Amino acid sequence: MKIKVRKLTETAKLPTRGSSEAAGYDLYADLRENESIAPHETKMIGIGLSMELPSGYFGAVFARSGLASRESLRPANCVGVIDSDYRGPFMVPLHNDGETTRTVEPGERIAQLIIMPYLPVTFEATEEELSSTRRGESGFGSTGK
């Protein structure tokens, strides 16, 4: 599958894979200078790209495991969803979960993008009972006894 990517700046980098089997494509901070993120602060970091994702797919933006575990930086929305009809600049709201200020450098890998299919559905209101299951209405933590 080929995805059209528009570079919005001269310094923007196309997404790359860390290995031939990597599911995620690294996204790079498109900054002119270092950006500091204070503890428990979120900053929007642009990647300098817009994309034409195919119909029936979306872009899921996930944390990079090393950045999250070593630097306490992760996407603020945990998983970003980029719809196929969006054509604007891709941004990553990067959040600092740590207790010290963190610095994002120009060209640093800040998140990973996974292109995923989705199933379009319709929702239908009903007055009837829903089908029964063994679990029923048991919620949070009920299956981990």
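Leu119, Val121 and Phe123 make a nonpolar surface patch of about 440 Å². Such a patch is built from residues with over 30% relative accessible area and no salt bridge, with nonpolar side chains (Val, Leu, Ile, Met, Phe, Trp, Tyr) joined within 5 Å. Accessible areas come from the Shrake-Rupley method with a 1.4 Å probe, and for residues only the protein chains shown count as cover. The model is predicted: local features need pLDDT of at least 70 and side-chain atom pairs count only at pLDDT 80 or more, while totals for chains, interfaces and linings use all residues. Residues are numbered from 1 along each chain as its sequence is written, and side-chain values use heavy atoms, with hydrogens and water left out.

Leu119 lies in the segment after strand S12 (109–117); helices (H or I, at least four residues) and strands (E, at least two) are DSSP runs, numbered from the N terminus. With a relative accessible area of 74%, Leu119 is exposed; the classes are buried under 20%, exposed over 50%, and partly exposed in between (1.4 Å probe, protein chains only). Pro120 is also placed in the segment after S12 and is exposed, at 72% relative accessible area. Its C-alpha atom is separated by 30 Å from that of Ile110, ten residues away along the chain.

Ile110 belongs to the largest nonpolar core, which has 21 residues; Leu27, Ile47, Val61, Val92, Leu94, Val104 and Ile110 have the most contacts inside it. A nonpolar core is a set of buried Ala, Val, Leu, Ile, Met, Phe, Trp, Tyr and Cys residues joined through side-chain atoms within 4.5 Å. Strand S6 (49–52), S10 and S12 each supply at least two residues of this core, and S12 gives the most, with three residues.

S12 is joined to S3 by four bridges, and the two strands run antiparallel. Two strands count as paired if DSSP finds at least two bridges between them. Strand S3 (residues 25–28) also pairs with strand S2 (residues 16–17), in the antiparallel sense over two bridges. Asp26 has a bridge partner on both sides: Thr16 pairs with Asp26 in S3, and Asp26 pairs with Gln112 in S12.

A separate open sheet has three strands in the order S5-S10-S8, with antiparallel pairing. Its edge strands, S5 (42–46) and S8 (73–75), each pair on one side only. Neighbouring strands are turned by 35° against each other on average, direction ignored; axes are lines fitted to C-alpha atoms, and angles run from 0 to 180 degrees between N-to-C directions. S8 and strand S10 (residues 91–96) pair over three bridges, and Leu73 stands opposite Asn96 in S10.

The whole structure holds five salt bridges, defined as a side-chain nitrogen of Lys or Arg within 4 Å of a carboxyl oxygen of Asp or Glu.

| Salt bridge | N to O distance |
|---|---|
| Asp26 and Arg109 | 3.2 Å |
| Lys43 and Glu35 | 2.8 Å |
| Glu71 and Arg102 | 3.8 Å |

Asp26 in strand S3 and Arg109 in strand S12 are 83 residues apart, so distant parts of the chain are linked. Asp26 is buried at 7% relative accessibility, whereas Arg109 is partly exposed at 35%. Lys43 is partly exposed at 23%, as is Glu35 at 25%. Salt bridges that share partners join Asp26, Arg64 and Arg109 into one network.

How values were computed. Patches are made of residues with over 30% relative accessible area and no salt bridge: like charges are joined within 9 Å, nonpolar side chains (Val, Leu, Ile, Met, Phe, Trp, Tyr) within 5 Å.
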